[in-house]
Amino acid sequence: MTAFDLSVTDALLSTTRAVRKRLDLERPVARELVRECLELAVQAPTGSNRQDWRWLVVTNADRRRALAELYRKNATGRLATAHQKALAAGATHDARVFDSARYLAERLQDVPVHVIPCIRTDHLPAEPSRDAWARLMGSIFPAVWSFQLALRARGLGSVLTTLHLRCEEEAAELLGIPEDVMQVGLLPVAYTRGTDFKPAPRRPLDEIVHWEQW
């Protein structure tokens, strides 16, 4: 059995953050590096081993600009309101998060790589049940997280965003995505300015973990 260096593994798992303001918008990202991270991502588990994930990598400046416009359609007002509410409530941490999200919305077109993880939906019933949706999302998000971990290990960062999905049909038309393929997010990918990320504050386990029954 392979002996993992737990200090390195645990550091990777606990410091892979949602990166927005620290994305390096000037440094190009090689296609080969994105492919390397995707090769690792698709080693993730997938329901019934269907491997129905699909990945759309966008580097063209005009398409990135168009995606950013779709993103801002749903982000600008929503994030500004959330930011003001957080400030009024004295929720300084939340206010920082919303301010960071507003920054990304303003600069999204400048991020060198946009990755849109997708999954085929042709096998879904007409009105999917909750367990069907759980199986579908469980077959794509483990790969998304593996992709983000692979990026972090190579000095790059990302954040899983979903605001453009309110314009999913327009994005699909822009990018030629078939009707039976569902977009599940958009990951802006770039090198990070510095790599000194730290674990984030989280609730104590005793508040969120239940043993044997709720």
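Is Lys21 buried, partly exposed or exposed? With a relative accessibility of 36%, Lys21 counts as partly exposed. Welcome to a quick tour of this predicted model, in which the count of salt bridges comes to eleven.

- Lys21 pairs with Asp99 through their side chains, at 2.6 Å from N to O.
- This pair links distant parts of the chain, since Asp99 belongs to helix H4 (residues 92-107) and Lys21 to the loop between helix H1 (6-15) and helix H2 (31-41), 78 residues apart.
- Asp99 is partly exposed, at 28% relative accessibility.
- Arg22 and Asp196 also meet in a salt bridge, with an N to O distance of 2.5 Å.
- Here the two partners are 174 residues apart: Arg22 sits in the loop between H1 and H2, and Asp196 in the loop between strand E5 (187-191) and helix H8 (205-208).
- Asp196 is exposed at 53%, whereas Arg22 is partly exposed at 28%.

**A helix-to-helix pair**
- Lys73 and Glu170 form a salt bridge whose closest N and O atoms are 3.1 Å apart.
- Because Lys73 lies in helix H3 (residues 61-88) and Glu170 in helix H7 (residues 168-175), the pair ties together parts 97 residues apart in sequence.
- Lys73 counts as exposed at 55%, while Glu170 is partly exposed at 38%.

**A network**
- Salt bridges link Arg50, Asp52, Arg120 and Asp122 in a network.

**A buried glutamine**
- Gln148, in helix H6 (residues 141-153), has 9% relative accessibility and so counts as buried.
- Leaving aside residues up to four places away in sequence, Gln148 touches Thr16, Ser158, Val159, Leu160 and Leu187.

Notes:
Residues numbered from 1 in each chain as written. Predicted model: local features only at pLDDT ≥ 70, side-chain atom pairs only at ≥ 80, totals over all residues. Heavy atoms only, no water. Helix = DSSP H or I, 4+ residues; strand = E, 2+ residues; numbered from the N terminus. Buried < 20%, exposed > 50% of the residue type's maximum accessible area, 1.4 Å probe, protein only. Contact = heavy atoms within 4.5 Å. Salt bridge = Lys/Arg side-chain N within 4 Å of Asp/Glu carboxyl O.
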